[in-house]
Structure formats: structure tokens, C-alpha cells
Amino acid sequence: MRRLTRREYNNTIEDLLGDTSRPADAFDPDPTAAGFDNQVSLLTVSTSRARQYFLAAERLAQAAKLEQLSSCLPNVSSEQTCAEQFAQKLGQRAFRRPVEDAELAILIKVFAVARQGGDYETGLRQLLKALLVMPAFLYRLDVSPSSSAEPGPSRLGQYQLANRLSYTFLQSMPDDELFAAAAAQELTTPEQIASHVTRLTQSQRARLMSQDFYERWLGLGELNKLSKSAALFPAFDDEIRAALQSELQEFLQHSLWTEGGALASFFSASYGFRNSRLSSHYGDSAASGDALTLTMLSPERSAGILTTGGLMALLSTPEHTDPVRRGKFIRERFLCQVVPPPPPGVSAAFPEFEPGVTTRQRFATHQNDPVCAGCHSVMDGIGLGFENFDAVGVYRASENGSPVDASGQLVSSDIDGPFVGVRALAEKLATSQMVRDCMLASWFRFVAGREAGEGDAGTLAALRPVLLSAAQRSMLEALSQTPAYLSRRQEEAP
Amino acid sequence: MILLRNRSLSRRTLLRGIGGATLALPWLEIMSARSAHAALPPKRLLTYFFANGVIPEDYECQGTENDFTLSKSLSPLERHKQSMIVTHGIGMSCKGFAHTDATPHILTGMRHPPDAAEHGSFRAAIPTLDQEVAKAVGAGMRYPSLEVGVHSGTDRLSSVSWKSPTEINVPRQDPYALAAETFGVELPAGATLDPERQKRLNKSVLDAVRESSQLLSAKLGREDRARLDAHLQSVNELEALLNTTDAPGGMGFTLEKPNWAMGQKINIDATDNIPLVFEMMMDLVVYALATEQTRVVTFMAGRSFGGFSLPWVDAAGDWHEFSHQAAAGDSGSADKITRIVTWLESQLALLCDKLKAVQEPGGGTLLDNMTVCQMNEFGYDHRHRNLPYLFIGSGQGFFKTGRLLRFQEFSSGPANETSPFPGTWNNNVLVSLANMMGLDINAFGDPNYPSGPVAALQG
């Protein structure tokens, strides 16, 4: 039982009623854990939230175009018949499964109360309002009133599976094809399921889903707030910030959906996306126009997501590169390790910037002082490998008059050892089992709405080789075929 | 549309032109039904949180209890000096991992379960004090408690308020969305409503929720059933709210909206707009308090770790980083922290101006009838000692204001589990705030720390 997130609510309302007003944007924020806003245990309904649902339902019901939602004419058929048809037809879409008799009776009662003292249309709008505040609408449910009474790990029903697939890939209610397949019991064989998954992954909503995943996993939402020192980077304005954001999204979309999301291309691709503004920002290409186009880049100066200007700029201060932040990012996001903060009383001073001194020299204390080195060797050693990319992500061969030394060192991982430059780091990351497991854990958390537990070991074990031999896209397809995905989850002991 | 009885409020504009040069202050007078009674106005509590501590040299005030000068950091509060109590030396009964330990500790006074420190799991040890107060004084309010924030995020460090050990009250951060609720929906011209019919319609919809939930409940596992039960409890509370025709938070406000709520929307995420968003949030909070939509507010000025950059006081960049650098002896960073703190105190002063501008029926200004308590996760250098607790507003004379109080400091460790630690701690502050709000308690949080209020606050 998962309450719809704000995004899922907005999408579902759009698909159900054709209403694009995004009412949930005004709701209380959904709490996040590890960046994800779809974690089941946090998606509670406070009184404030209940009020927001109630008011949104009122507005939506008033604004709904009833003539498009109901073709039954009460002057031809009886009002009761028409109201029942309305409840059944719209209810099936709102609940994402057939409305059961007991539920129909409840809805008709709402209609009748409103019809008393109001007109037919008022009755229908009130019925619609009720639909939009009922748990069967507000939650992704794996049961219906007629489900077998014993909760436990049983295979999902057809409509329940249709829901799971649509909310996984579209972050919305099932589309017409999924409804039709569920009604015809055609979500049964692996081939039937696979063909729907293939279809769903080609939709625009799937692109938005993966964008949501990457933004949350990697914390890319922070790009909205990115600003740089006007003195040092006078050309860094809102337009370039937005362009860097688009570039990053375009790269991730292309890497996942066109290339399949192999770690090799994710980390090491030697192409990027450029328009005229980005070309002049990087000074590495000659793209023209506003539209982003795939552009081949020098392999020495590019490495997939790692050298995108948006990421490099995000992992810098407004003035300078920040090897600590860059190293910490790789540790936490790609290796799923926790780096403790500096203990109280220990100097965590950011070394002063002095003319003629390189960033590596500024950060030398972290390596030379044993108190610092304990933690910083796990971060700075990685971060200094990025020194060829300045605080706005532009390649540099020298810093303050000295040639850049981009040598780095990985420790406490399964890819330990020295490396020089981001490309060498990327190649290491692409072969790391720890990185693959981290990526898998992150996708699992996003799809399942919770952290993987002991009971998920089998599912993860089945997906690990897929991510190794193939890529993220295949892994998602394989995920939708695992026994756990196809079953109602048995609750774990508290 | 749910339309309740119009509130009898003046039609004066709340705020003249946010972003304009004049942020004029006296804007709201309440001529509420309350004025018919001679009873005292209700008391309110507001906690104002910001992160990363202060610079003691710039923050600490000189002088005696009744004759003192405000420090550089507190200088923006000069005009509220007689309404406030400055304290030095209160500690936080919290040992360990700096930010993640402190944030859920400030309003619980109790260490969260050790397994909850990592992995982004959301846990507080107990519901926070503001929630206990809300239970006592907030029933039937539109917001039993209201949490707002500016650039606070949505994770477990976004708020100091927890409804239960697992439910964090993520602050509302979109002033436009909040304004739509708080300022109310305007009645269409000439609209009439029949309250009895409205009540019937509401009941039939909510009955449908309850009855359909009943059908599902039996099919759910234990966890899911608990989830659904909690949802239904919220629905019942909502119904009580909708059915109180005198409900605070009725939808029928006819107040003019402030200019910012009507005009072109600003980008609330942009760093440059943070000062404007602060003021918008203050307007909303003051309005909600003045119109009895809530009595308990948490105002998150940022979040644990800071949360935003302040280029307008020449402190662009990472506020949290500055605090570490300052502790390491970098005077430039210490100056940045002081500029940040001074700016945040100027915001607090502005909030108090707005609270003071509300004349309450039954006596006093809104500020007189409440207490604003400033809280921080640290004192200085990520340490949980000598926290910059500040109390503004006497809570109807409960606290004796216009004073500087110094408390003997004690280290918060090592732990001695058998006897209470000497000293004055956030636990005692929590008891004092609860007592001010009329809750008869003598201890809150970790029993290893001394019980009782901070008696000196009452003079």
C-alpha cells in the first residue's frame, strides 16, 4: 500500500481527467530519504494533507468536463442508471481496477445525498469528488474488497500488476493498453509482460521517470540553485545554468534509453550534448543553434556523466574546484559509502586560495596531517583526479600557471589503486562491482519505495548479472519479471 | 466549495509591496468575535531555528541581568530589547554525531535510537515538544501546529518538529501554496451557502471514505492497516474541522490579499529571492497566528547544516563550511558567520515587528501574548553547548523579559548514567515553554538530565 507521491498524483489526475493544473504542487512536500520522495514508510496522510486532498477534489470535480466523462443522458435513461454508469466507468479508471458492488453502492449514496436539494450534475460532481478522496484512488493498493482475506506473498492480480508496471515506468495510472490487457488476462506470460514494458519504456513519461530517478539519486535538483562568483565567472548566468542542466538530462536520457545505460557509456562516453551556448562555454566544439545535438568530444577531455559541466560546477564552490566535495560525491553516490563529517574541534578549514598555488597544494594538509588523512584520503584522492575541470566544468590544462596534476588514488573500494585523470577513474568505476551494486540498490529503492532488506537478496542476486553483462535498461526490464515484483509483498516482521 | 462563516477582519492590506523599499509594518487589526469576551487572548508559541551556531565573541552580550548591551550579532533586536531574554550557557543534552544527533534532539531532549543515525532513516526518540503543546492547545485549529521553512529541504534534517518518532513535519516552503490556504478562498460575488446542506455533503463524502476503507481494511496486512487507520484518523479530524462553523481556518476569509500573493510570482528557489521569501513566510505565520488558525509554529530559517547561500551579506557559498573554517581560526569565515547570524537576527526582529503590530482584543499585542524562542543546533564549532537561546515575548507575563541571563556551563560528556548532569539544558527550556503554554509538566526528554523549568526565566 503506497500513497501516491505528489508527482504520481499530478500525473494520475492528468490521465484521469485531462486536468493539467498539477494540484499536488500546492500540497505539503513529501518527505525524502536519501533524496527519494517515494519511500512508502514516509508517505503518511496528516490532517493537513487530508484537507488538501479534500479541497483539490472539490476543485477538480467542479472543473471536470462532465460531458466528456459521461455519455449517458438522464432524460433518456433513468438518473440512477446514468449515475451508476458514471461511477463504474470513471471509478474503474480512478481505482485502476473494476469497481466492486459494495463500492458502487457507496458511491451512489453520495450521488443521492447531493441530488437531494441539488441537480443531477451536482450529484455527479459530488460523486467524482468522493472518488478522488477514497483510499482506492489515493493509494497504490495490492488488494481490493474481494481479495482473499489472508495477506501474504501471492501473485498479483492482473489489474494490480498493470498498476505496478504503470507506476514503475510512467509514474501514473495504467494506460488504455494496460487496462485492456488486464481485462483480457493478458499480463500473464513473461513475453506479454515484456512487450508492455518495452512499450512503456518508449513513452515520454518513462523519460521523465528516469530523469526523476537520476535527479534524486545524484542530487541534481541542486542545480536549480547553482550560482557562481560574478567576479570570476562573469559569463555564468541563468541561461548557461539552464543549458548545463539540459545537457546533463539529455546525456542521461540518451545513455539510458538509446544506449541502454551500460556503465561503460554512463561513466566513459566520449560524446556530449552541445548547442551554441554550451560550445562557447566549453570551447570544445562548434555547435550552432539552441537545440542540443550529440557531439563527439576528445576522449582525453570527456568521460560520460563525470565531466558534464553541470555536475562539475555543482561539485565546486562558487569560486574554486572542491576536491573534497567531488570525492565525497563519488563515495556516497556511486559507491554507496557513508563519509563521516569532521569531528568537532578538528580544523576543517577550507584552505585559503593564494595566487600561484594549485588546488592540490592547497589541500596538501589533508594528506600530510594524519588527523585529516584518516578520512580525507578516501575523498581527496578521488577528487584531485578531477582537477582538469574547473569550477564551471571547463577543461583546463594548467592552474595558476602550473600544469594540472590530475593524479588520484582510490582506496577502500574494489578498484583501489592510482589513476591519472577522470577518464582513468571512469574506467575503474565502470568495472567496479561496488558501483554496480550501488546503482542497483538505488534503482531498487526508487522502484520499490524502500531500502532493500534481507528478504530482497534473491531479487538483487538475479539482477546483478544483468547489470554486469548488459545495462540499466535491461536490468529494469529484468526487475519487472522477478518473482517479488510479480507478487504481493509479505510484510516483514517489525 | 467549503465555505464557512466569514471572519470579521479588517479589509486592510496585509503588507504593502514586498520587494518595495517600504515594508510597512502595522497592517493588521483583528476585530474578532473574541473581543466580545473579556477573556485573555490565547497564548502562542513560535520556535525560530537556524543552524551552525554563532561566533561567541560577536554574539555574547556584556553587562548585568538588568543592565546590558546587545552584542553585534543581536544588535538588530535593539528595538525589542525590553521584550526579550538573552541567555548564555544553556547546553543541549545531546552527545555525538553533530548535525544528525542535534536536529531531532532540540525539541525532544532525548537521544534518538542509535540505529537511526545513518541511512537517512527518519527517527526521533519521542514526539517533539511543540507537538505535545499542539495536542493540548491546537485541537480544532486549521493547523494544530504549523511548520514553515525557507530552503529547508524535505529530508530528516529539514525540520526540528516530529509528529511521532517516525513522522517528521516537513516544513511548508511554498508561500504561494500556503497563502492559498491561509489567506482563504474568496467567496464568489453574491454566493450564498446553506451550511446545513454543506455539512450533509461533506459528511456523505467522508462517510464514503470511511465505508470504502472498511471494505479494504480486512484485506490488509498489519502495517498497511495501521497506515489506513492513521489516514482515517486524519479524515475524522478534518471532518471535525469542517463542521465547526466557527472553525479557525474557515474558508470564507474576505481579507484582501497582500500584494505578493496577488502579483506576479517570484522564483522562490532563487538565492536572490530568499529575503523576500522570508518575509512572505512571516506574513503567513503572523496571519495564521492572529486569526487563530494555529497557536504553535516552527519557523525553519534554512535547515540543519544551513541550507542556503547569503550573497547579500557578502557570505555567498557554503554557510556550513564557514562555520568549520571559523572554528579552525579563520577570521574571514568567522566574520561571514557573524554577518549571517546578524542577518538572521534582523529577520527575527522583523518577525517580532509584525507580531507586535497585531493588537489583540482582550489586551496586548500578539507578541505580548506569546513567546518566540530562538534555537540552534550548536553554540559554536559544532558543539552542543552554550546555545544561543533567546526568548522574545513574555507569554502574557509568564517570563520576565528585558534581561540577560547567564548559566553555569557544563560539558555534556562523558555520560554519567546514574545521576543527572548538573547545568541548564534544552530539556529545561522545553519544560519552561510547555509551562508557559499552560501544560503542567515538570520534565521532558532524557531523565538523566535535571527536571524542572529554567526557573530564572520567570524572574
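User: Let's start inside chain B. Which residue has a side chain joined to that of Ser304(B) by a polar contact?
Analyst: This is a predicted model, and in it Ser304(B) sits in the loop between β8 (296–301) and α9 of chain B. Leaving aside neighbours within four places in sequence, Ser304(B) is in contact with residues including Phe49(B), His99(B) and Glu377(B). A polar contact of 2.8 Å links the side chain of Ser304(B) to that of one partner, Glu377(B).

User: Is Ser304(B) buried or exposed?
Analyst: The cut-off for buried is under 20% relative accessible area. Ser304(B) has 0% relative accessibility, so the residue counts as buried.

User: What share of the residues of chain B count as buried?
Analyst: Chain B holds eleven helices and eleven strands. Among its contacts between residues at least 6 apart in sequence, 74% join residues at least 24 apart. Of the 459 residues of chain B, the share that counts as buried is 61%.

User: Thanks! Moving to where the chains meet, how much area do chain B and chain A bury between them?
Analyst: The contact draws on 70 residues of chain A and 66 residues of chain B. Carbon and sulfur atoms account for 62% of the buried area. The area that chain B and chain A bury between them is about 5700 Å².

User: Which residue of chain A meets Glu211(B) in a salt bridge?
Analyst: Between chain B and chain A the count is two salt bridges. In one of these, the N to O distance is 2.9 Å, and the side chain of Glu211(B) meets that of Lys109(A).

User: Which element gives the most residues to the side of chain B that touches chain A?
Analyst: The count of residue pairs in polar contact between chain B and chain A, both at pLDDT 80 or more, is 19. Elements giving two or more residues to the side of chain B that touches chain A are β7 (167–168), α4 (175–182), α5 (195–217), α6 (222–243) and α9 (319–327) of chain B. With 14 residues, the element that gives the most is α5(B).

User: And how many charged residues are on that side of chain B, the one that touches chain A?
Analyst: By class, the side of chain B that touches chain A has 26 nonpolar and 17 polar residues. Its number of charged residues is 23.

User: Now chain A. How far apart are the C-alpha centres of its domain 1 and domain 2?
Analyst: Chain A is divided into domain 1 (2–148) and domain 2 (210–430). The C-alpha trace of the chain spans about 85 × 45 × 45 Å along its principal axes. Between the C-alpha centres of domain 1 and domain 2 of chain A, the distance is 45 Å.

User: How much area is buried between those two domains of chain A?
Analyst: Domain 1 of chain A brings six residues to the contact, and domain 2 of chain A brings four residues. Arg7(A), Phe36(A) and Asp37(A) lose the most area on the domain 1 side, together 75% of what that side buries. Carbon and sulfur atoms give 49% of the area buried between domain 1 and domain 2 of chain A, which is about 430 Å².

User: Which residue forms a salt bridge with Arg7(A)?
Analyst: Two salt bridges are found across the interface of domain 1 and domain 2 of chain A. The closest N and O atoms of the bridge to Arg7(A) are 3.5 Å apart, and the partner is Asp212(A).

User: Where in chain A does Ala94(A) lie?
Analyst: Ala94(A) counts as buried because its relative accessibility is 0%. Leaving aside neighbours within four places in sequence, Ala94(A) is in contact with Leu16(A), Leu131(A), Ala136(A) and Phe137(A). The residue lies in helix α4 (residues 79–95) of chain A.

User: Which elements do the buried residues of α20(A) pack against?
Analyst: Chain A has 23 helices and eight strands. In helix α20 (residues 421–431) of chain A, the buried residues include Val422(A), Leu425(A) and Leu429(A). The elements that the buried residues of α20(A) pack against are α13 (263–268), α16 (323–334), α19 (370–383), β7 (407–410), β8 (417–420) and α21 (433–448) of chain A.

Conventions:
Residues are numbered from 1 along each chain as its sequence is written. Chains are lettered from A and ligands numbered from 1 in the order in which they are written. Side-chain values use heavy atoms; hydrogens and water are left out. Contact means heavy atoms within 4.5 Å. Buried area is the accessible area (1.4 Å probe) that two parts lose on being put together, summed over both. A salt bridge is a side-chain nitrogen of Lys or Arg within 4 Å of a carboxyl oxygen of Asp or Glu. A polar contact is a pair of N or O atoms within 3.5 Å; within protein, one must be able to donate a hydrogen and the other to accept it, and residues adjacent in sequence count only if both atoms are side-chain atoms. Helices (H or I, at least four residues) and strands (E, at least two) are DSSP runs, numbered from the N terminus. Ala, Val, Leu, Ile, Met, Phe, Trp, Tyr, Cys and Pro count as nonpolar, Asp, Glu, Lys and Arg as charged, and the others, Gly among them, as polar. Domain bounds come from an automatic or database domain assignment. Buried means under 20% relative accessible area, exposed over 50%, partly exposed in between (1.4 Å probe, protein chains only).
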